[in-house]
Amino acid sequence: MDPTGNQLSDTTSPYLLQHAGNPVHWRPWGAEAFAEAARRDVPVFVSIGYAACHWCHVMAHESFEDQATAEELNEHFVAVKVDREEHPDVDDAYMTATQLLTGRGGWPMSVFTTPDGRPFHAGTYYPPTPRQVGGGDGAAHGGRVPSFREVLAAVFSAWSSRRAEVERAAAALAAEVGRQSGALAGIVLGAGSGAGTAAGRGDGTAAERGAQDGPASGAGEPPGADGPDGGPPDPLDLRPAGLAEPAEATAAPGAEAGPRRFGPALTGALARLAELEDEGHGGFGTRAPKFPPSPALGFLLQMASTGPAPERRAAWELASRTLATMGTSALADPLSGGFARYATDRDWALPHFEKMLYDNAQLLRWYARWAALPGLVDLEPVDPRHPGLGRRLALGTAAWLDGRMRTASGAFAASLDADTVVGDRPVEGATYTWTPFELGEALAAGAPEARAADVAHLAGVLAGVPVEAGGRELTLHAGRLLTDAEQRLWDRALPELRRRAAARPQPARDGKEVAAWNGMAVTALAEAWALLGEDSLLGSALAAGRALWRVHCRGLALPGGTPVGTPTAERGAAEQAAEAGGGGADTPADGTAGAAGPAVVLRSALDGRPGPAPGTLADHAHAAGAFLALYRATGDPDWKARARAVVEAVVATLVVDTDHGPALLASPAGDRALAAAQGGPAFASPLDGAEPSAVGSWAEVLLQWHVVSPGHAATLPAGGARAWAEGLLAHVDRLGPQAPVETGTALRLAARHAAVEDLLVATGGADDPAGERRRSLAWALVHGVVGVAGPAGSAPERTVPPDPDDVAAGRTSRDGGPALYLCHGTLCHAPVGTTAALDRLAGLSPGRG
């Protein structure tokens with residue numbers, strides 16, 4: 001690799017590899033790039049994007065492949081290319097700066113920094129030649145948009161002749177980015193309200209809805225076209241757009257005791273979601289683009305089963321309307337499965353066709369629960385066709401994960417492009433769209449016995465909207481539930497449509513394996529197995545969970561010791577057994593290892609080769625959550641040991657002490673350029689966006705850990721796992737009724753708080769033809785109870801030391817049938833054999849049932 005040329009060819013990011021042939025002398029993010037900028041005394045150009053980003057590809061073709069532009073970049077800057085999915089912490093910091101400077105953000109993000117990493121000018125897409133645009137949402141300013149080379153010239157001129165102003169601007173901007181990060185910690189710790197201040201800052205979640213790839217709806221312009229009227233932008237114009245005043249410090253409201261600790265917040269949040277509902281169109285809010293409100297849907301489904309009784313039906317109907325609308329919209333792919341990232345219109349009729357793993361993991365989880373809830377709690381479907389729709393969507397998404405997104409390591413890839421290359425031209429959505437003639441012909445070929453009039457009718461129902469104005473290529477969706485007759489015809493024709501769609505050119509795949517997103521997928525698949533009863537779902541979850549442990553988890557070197565808990569691929573079984581205190585080989589048949597001591601999570605990998613980026617709090621929380629989900633589903637103590645290893649790594653690397661208690665970092669400290677960019681460490685966000693908040697996801701781990709490992713849980717900071725989790729959820733009292741879409745994860749956990757001490761151990765089951773053992777785990781899921789599978793027969797061979805917190809110990813079946821132990825704290829009811837009996841025990845104290 002040429003140390004003075006393009007240095008991306010050996011990276012583990014498909015997005016960076018796409019740029020490895022550019023004439024730009026790109027460097028990956030790291031200390032070496034900033035050291036080179038300091039040596040040369042030049043600014044750094046940081047370009048941030050991701051593989052499925054349409055406008056990232058446009059700017060690359062127009063500017064980064066252009067020799068003259070590359071020469072200007074190479075002469076006057078150090079150019080750094082960042083995959084936002086590999087470095088979400090870097091993306092967060094510079095997105096906040098971009099939004100402060102321009103009032104909006106998006107990808108590609110174009111940021112200019114000092115050699116120590118502090119930003120002083122930022123924008124998004126810049127065209128190769130100047131353009132005139134309107135003053136709508138398509139540009140930060142109406143009027144003339146400068147070319148990228150004009151921006152380069154203006155920035156370098158300012159760096160060369162106005163250095164003192166640049167330094168002052170960079171210092172002020174970094175301080176403001178840091179202030180917003182501190183406001184996030186204040187929300188969690190009760191030191192400030194901070195709702196408006198923190199809405200776009202933290203761990204890559206809440207900012208997502210305000211920053212997107214592609215034109216704003218109706219604007220017809222690329223994202224973030226910057227610059228004042230009449231000329232190139234002033235790179236020192238730091239007039240921030242909508243800078244919030246510091247949050248006034250307030251004390252957290254006193255916690256109400258008892259099982260309905262969060263009752264008023266839950267009621268207020270539900271009422272606010274009802275106000276926000278886009279009646280007739282689905283979702284919450286009427287403005288496009290529309291993203292799946294996945295965390296809020298999880299809250300509503302939990303509220304429907306365990307919330308305060310008067311609100312359960314209202315929550316169920318709210319969730320059902322949006323889930324049905326999205327499930328029959330163009331967002332859902334009825335052929336290959338899965339969901340697109342967002343819709344560009346209010347009606348969900350025209351999607352942005354990229355498919356993201358994090359979206360599909362969440363939607364799989366909630367569609368499976370939506371399908372199963374009526375059979376597990378006292379709820380009637382809003383429409384009798386809803387459970388079937390939910391089941392088809394959940395299983396279709398799971399099949400898409402296995403068939404299209406599974407990598408050679410066993411994990412899942414990050415995304416599919418929005419564009420499909422047809423000939424030599426990228427066409428958005430080309431794999432998924434149909435002309436009326438193509439659709440009618442395929443339906444007739446798939447159901448040759450059907451009447452021509454019925455085929456023509458269904459083709460008309462399924463014909464969506466043009467992808468381009470006046471075009472013949474239409475989206476494929478009904479926009480409503482099919483009638484029984486329409487559904488039967490569709491089911492007969494479906495194999496033929498799938499065959500034809502599979503024969504088309506397919507969108508490119510970003511094969512990068514992101515730890516957090518894989519953790520979310522594992523949890524969703526394991527829960528869907530319990531809810532839907534398809535054994536293949538658990539097999540899929542186990543395969544991805546093994547890859548997540550084997551590839552992404554690494555033992556943390558403790559002071560005075562050697563790394564512990566590292567997977568077998570890195571260290572021998574005998575060494576692991578010695579660390580575990582002896583007792584034989586530590587290697588299960590699947591080739592992974594049991595864990596002894598903390599194990600940190602690495603953010604991403606490609607083809608099983610880990611990348612350089614450390615895992616964020618979200619990566620650790622979702623990995624631990626995945627391992628707990630597999631432990632709950634299988635009862636295998638190895639998965640619990642792996643979860644403990646990650647829990648201990650969070651405490652060791654992502655917790656800092658403050659005057660108000662332990663605070664959670666978004667990512668490990670140690671990156672000097674990142675610290676300079678954001679004025680210090682970044683705190684984890686309690687707010688949801690496209691992904692669940694890292695703080696909420698960690699609280700979910702803590703609440704489970706409190707039940708399945710009470711001894712170890714009591715040793716955690718902030719008074720133990722339960723007290724810590726409740727502290728992390730306390731902000732829902734203030735923010736839940738104001739911002740339920742942004743606090744859905746925390747609200748969901750609050751809605752199952754009445755069961756915070758409850759455990760179900762489902763053991764026995766060698767003679768279980770009705771599947772009551774699995775069904776009881778589904779019962780536990782929807783009732784907010786932590787359900788754990790005990791051994792179905794003889795106990796499995798252990799590859800980890802005996803667990804003093806083994807909650808299944810001594811709970812066995814006497815007759816080979818299922819034995820379901822429902823416990824509250826340390827007290828348990830006598831075992832029962834059916835979920836119907838569990839319904840009778842629910843709400844009774846052990847000893848009274």
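Predicted model: local features only at pLDDT ≥ 70, side-chain atom pairs only at ≥ 80, totals over all residues.
View 1. I48 stands opposite M109 of strand 5. Strands of a sheet pair through backbone hydrogen bonds, in either a parallel or an antiparallel way.

**View 2. The side chains of strand 5 (residues 109–113) are buried.** M109, V111 and T113 point one way from the strand, while S110 and F112 point the other way. Buried here means under 20% relative accessible area. Because 5 of the 5 residues are buried, strand 5 is largely enclosed by the rest of the structure.

**View 3. An open sheet is formed by 3 strands in the order 19-23-24.** The pairing in this sheet is antiparallel. Strand 19 is joined to strand 23 (residues 604–606) by 2 bridges, and E513 stands opposite A605 in strand 23. Strand 19 (513–514) and strand 24 (609–610) stand at the edges with a single partner strand each, so one side of each has no neighbour in the sheet.

**View 4. The protein chain has 29 helices and 30 strands.** Of its 849 residues, 61% count as buried. The accessible surface of the chain comes to about 29600 Å², and 53% of this belongs to carbon and sulfur atoms.

Technical notes: Residues numbered from 1 in each chain as written. Heavy atoms only, no water. Pairing = 2+ DSSP bridges. Helix = DSSP H or I, 4+ residues; strand = E, 2+ residues; numbered from the N terminus. Buried < 20%, exposed > 50% of the residue type's maximum accessible area, 1.4 Å probe, protein only. Areas by Shrake-Rupley, 256 points an atom, 1.4 Å probe, with all protein chains shown as cover.
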